[in-house]
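User: I've got a model open and would like to talk through its fold. Can you take my questions one by one?

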Amino acid sequence: MNYNPAMFDYIIDLAVSYIRAGCPCLFHMVTGFYCPGCGGTRSVISLFHGHFIQSFIYHPLVIFTILSLLYLAAKRFLPSAKKTDTPALASRLAIAALVLVILNFLIKNVFLLMGTDLLSIAEKIQA
Ligand SMILES: [Zn+2]
């Protein structure tokens with residue numbers, strides 16, 4: 001394949017436009033539906049601002065993951081904590097996280113089909 005400067009410039013322009021647009025979700029742009037990860041970045045940003053409810057609505061996996069990690073750390077490091085099988089507990093939490101992602105994907109898109117955009121509603125919540 002020969003080097004084509006025009007094609008190279010086109011690809012660079014496309015990449016720069018994508019980054020300047022804030023790296024929007026390609027799945028959402030193409031299909032109009034939310035992907036399983038949509039809202040994740042906004043959820044993290046909301047959490048950093050202390051807006052827990054908004055963060056949860058954007059994507060519940062973020063808060064679930066943090067709480068799960070804190071729980072596992074407490075189980076591991078607190079001497080008073082009841083010692084249980086940590087790998088089995090971590091596996092159950094991972095399965096719960098997967099179920100949460102699937103439910104989040106389904107619920108947000110079902111609401112979207114009914115004309116309600118939950119992520120737009122989340123933008124208005126500052127709690
Ligand atoms: Zn997405």
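Predicted model: local features only at pLDDT ≥ 70, side-chain atom pairs only at ≥ 80, totals over all residues.

Analyst: Residues are numbered from 1 along each chain as its sequence is written.

User: How many helices and strands does the protein have?

Analyst: Helices (H or I, at least four residues) and strands (E, at least two) are DSSP runs, numbered from the N terminus. From that end, the elements run α-α-α-α-α-α-α. The count is 7 helices and 0 strands.

User: Is the protein compact or spread out, going by its radius of gyration?

Analyst: The C-alpha atoms fill a box of roughly 65 × 40 × 25 Å along the principal axes. The radius of gyration is taken over C-alpha atoms, and the globule rule is 2.2 Å times the number of residues to the power 0.38. That rule gives 14 Å for 127 residues and the protein comes to 20 Å, well over it, so compared with a compact globule it is more spread out.

User: How are H3 and H5 oriented to each other?

Analyst: Axes are lines fitted to C-alpha atoms, for helices over the stretch in contact, and angles run from 0 to 180 degrees between N-to-C directions. Helix H3 (residues 40–48) and helix H5 (residues 60–77) pack at about 55°, with axes 8 Å apart. Under 35 degrees counts as roughly parallel, over 145 as roughly antiparallel, 65 to 115 as roughly perpendicular and the rest as oblique. H3 and H5 are therefore oblique.
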